[in-house]
Amino acid sequence: MSVPPPPYGSDPSYPPPGSYPPPYGSDPSLPPPVDAYGWPPPPPPPPPGQYGAPPPYGYPPQYSGGGFGVDAYGRPLSDKSKIVAGLLQIFLGTFGIGRFYLGYTGIGVAQLAVSLLTCGIGAIWPFVDGILILMGKVPDSGGRTLRE
């Protein structure tokens, strides 16, 4: 004699109707869902009337910059001026004066030696270095951003 199969939903090995697929996070053996680019799905919006809308998903909060005496990342500014260091390096860079002003004595001595040993041809290095200082690409010897 054959036994007829149990009606749908009455067999304990089947999930009850309406419970498939299992909710996210209920089965740790399944990987988390991702979109076509590999990003997780955005969080659901908050219920109406609670704390406003969330920030756009995937973007960091905007940073408004530092206050007085700090750079954009909150680090303290140097007590050295970018304009003074750049002009010293452009006009007296053959002697490494701009780098001595910033606290880089090794680079200052190297610029002096290169300029003297190449009969002035090596003075191109301090000139370009002065332009980089004026652009703000060179910090002081402590790694702090130069003042304007």
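Student: Asp 129: buried or exposed?
Tutor: Asp 129 is buried, at 6% relative accessibility. Buried here means under 20% relative accessible area, exposed means over 50%, and partly exposed lies in between (1.4 Å probe, protein chains only). This is a predicted model, in which local features need pLDDT of at least 70 and side-chain atom pairs count only at pLDDT 80 or more, while totals for chains, interfaces and linings use all residues. Residues are numbered from 1 along each chain as its sequence is written, and side-chain values use heavy atoms, with hydrogens and water left out.

Student: Which residue forms a salt bridge with Asp 129?
Tutor: Arg 99 does, and the closest N and O atoms are 2.6 Å apart. A salt bridge is a side-chain nitrogen of Lys or Arg within 4 Å of a carboxyl oxygen of Asp or Glu. The pair links distant parts of the chain: Asp 129 sits in helix H4, Arg 99 in helix H2 (residues 97-102), 30 residues apart. Helices are DSSP runs of H or I with at least four residues, strands are E runs of at least two, and both are numbered from the N terminus.

Student: And Arg 99, buried or exposed?
Tutor: Arg 99 is buried, with a relative accessible area of 8%.

Student: How many salt bridges are in the whole structure?
Tutor: A search finds three. One of them joins Glu 148 to Lys 82, with the closest N and O atoms 2.9 Å apart. That pair also links distant parts of the chain, from the segment after H4 (Glu 148) to helix H1 (Lys 82), 66 residues apart.

Student: Glu 148, buried or exposed?
Tutor: Glu 148 counts as exposed, at 72% relative accessibility. Lys 82 is buried, at 12%.

Student: What else is Lys 82 in contact with?
Tutor: Leaving aside neighbours within four places in sequence, the contacts of Lys 82 are Ile 133, Leu 134, Gly 136, Leu 146, Arg 147 and Glu 148. Contact means heavy atoms within 4.5 Å. Lys 82 belongs to helix H1 (residues 82-92).

Student: Back to salt bridges. Which residue pairs with Arg 144?
Tutor: Asp 140, with the closest N and O atoms 3.0 Å apart. Arg 144 is partly exposed at 34%. Asp 140 is buried at 3%.

Student: Switching to helix packing. What angle do H1 and H4 make?
Tutor: About 170°, with their axes 7 Å apart. That makes H1 roughly antiparallel to H4. Axes are lines fitted to C-alpha atoms, for helices over the stretch in contact, and angles run from 0 to 180 degrees between N-to-C directions. Angles under 35 degrees count as roughly parallel, over 145 as roughly antiparallel, 65 to 115 as roughly perpendicular and the rest as oblique.

Student: Which residues meet there?
Tutor: From H1, they include Lys 82, Ile 83, Leu 87 and Ile 90; from H4, they include Phe 127, Asp 129, Ile 131 and Leu 134. The contact divides into nine nonpolar, three polar and two charged residues. Ala, Val, Leu, Ile, Met, Phe, Trp, Tyr, Cys and Pro count as nonpolar, Asp, Glu, Lys and Arg as charged, and the others, Gly among them, as polar.

Student: And what about H3 with H4? What angle?
Tutor: About 140° between H3 (residues 105-117) and H4 (residues 124-135), with axes 9 Å apart. H3 is therefore oblique to H4. Ile 107, Ala 110, Gln 111, Val 114 and Ser 115 in H3 meet Trp 125, Pro 126 and Asp 129 in H4. By class, that contact has five nonpolar, two polar and one charged residues.

Student: Ser 115, buried or exposed?
Tutor: Ser 115 is buried, at 2%. Not counting residues up to four places away in sequence, Ser 115 touches Thr 94, Gly 120, Gly 122, Ala 123 and Pro 126.

Student: Where is Ser 141?
Tutor: Ser 141 is in the segment after H4.

Student: Last one. Which residues does the UniProt "transmembrane region" annotation cover?
Tutor: Residues 83-102 and 108-128, according to an unreviewed UniProt entry. UniProt positions are given in the numbering used here, feature names are shortened, and annotations may be inferred rather than shown by experiment. In the model, residues 83-102 are 80% helix and 0% strand, with the end C-alpha atoms 12 Å apart. Residues 108-128 are 71% helix and 0% strand, with the end C-alpha atoms 14 Å apart.
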